[in-house]
Amino acid sequence: MPKITFFNLPDDKRKTLISAAKKEFARVPLYQASISNIIKDAKIPRGSFYQYFEDKEDAFFFLLNNHVASYKSHFVDTLKNNKGDIFEAMIEFYKSIITEEKENLQFLRNLFLNMTHRIENVFARSFGETDLNEDFKKISILINHENLNIKDEHELFHMMQIISSVTFHNFVKKFAGELSFEEALNNYKTEIHLLKKGFISR
């Protein structure tokens, strides 16, 4: 978490520092990132950086948490726009992420190809560790349960965990395989549609 001095910065200086940090974490993964590059781009002394953040990990996870919060908000809007159809909403959400501007995509690429337990935990908090997590409850209310073959919130929670795992795996495949937009989207659609129809012949 940034220090209070960071939040007390004028908006323009804070945005400049965030932009410089984002540029560096999009250039290379966290473990290769250089504070020297961040302060050079932000045009601040090294000492000032440590007045705002404990270290580069502090800056990185501040950015990551902001990204995840933005994605969660976007997902909720997407779910509403698709009238609670979780499968169509996930496809639209995935499509929007893989068509983001280049710097955001590079940031995500470095995330997914250099995943750590701590980074994964930030994403996992989207639904929390229990079915009673408040974020999950908000999403559950928006999902159209009418055509879902689930009997309760517990099963819905695990269904969302499965969909999240498939989505996560497709991001990794997209970035690791350097798939084109069409290849990545078609792969994801195929897997989501398979989940939607199930694997048992009736």
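Modeller: With burial: a residue is buried under 20% relative accessible area, exposed over 50%, and partly exposed in between. The model is a predicted one.

Colleague: Why is Tyr50 called partly exposed?

Modeller: Tyr50 has a relative accessible area of 34%.

Colleague: What makes Phe49 and Tyr50 an edge-to-face pair?

Modeller: Their ring centres are 5.5 Å apart, with 85° between the planes. Centres within 6.5 Å make a pair, and planes over 60 degrees apart make it edge-to-face. Both residues also belong to a cluster linked by ring pairs, together with Phe6, Phe7, Phe53 and Phe62. The structure holds 17 aromatic pairs.

Colleague: Why is the pair of Phe60 and Phe107 called tilted?

Modeller: The angle between the planes is 45°, at 5.9 Å centre to centre. Stacked needs under 30 degrees and edge-to-face over 60, so an angle in between counts as tilted. Phe60 and Phe107 are both buried.

Colleague: What does the pair of Phe60 and Phe107 tie together?

Modeller: Phe60 is in helix 5 and Phe107 in helix 7, so the pair ties together parts 47 residues apart in sequence.

Colleague: How do you know that His67 is buried?

Modeller: His67 has a relative accessible area of 13%, and the limit for buried is under 20%. His67 is placed in helix 5. Beyond neighbours within four places in sequence, His67 is in contact with Lys22, Asn104 and Phe107.

Key:
Residues numbered from 1 in each chain as written. Predicted model: local features only at pLDDT ≥ 70, side-chain atom pairs only at ≥ 80, totals over all residues. Heavy atoms only, no water. Phe/Tyr/Trp six-rings, centres within 6.5 Å; stacked < 30°, edge-to-face > 60°. Buried < 20%, exposed > 50% of the residue type's maximum accessible area, 1.4 Å probe, protein only. Helix = DSSP H or I, 4+ residues; strand = E, 2+ residues; numbered from the N terminus. Contact = heavy atoms within 4.5 Å.
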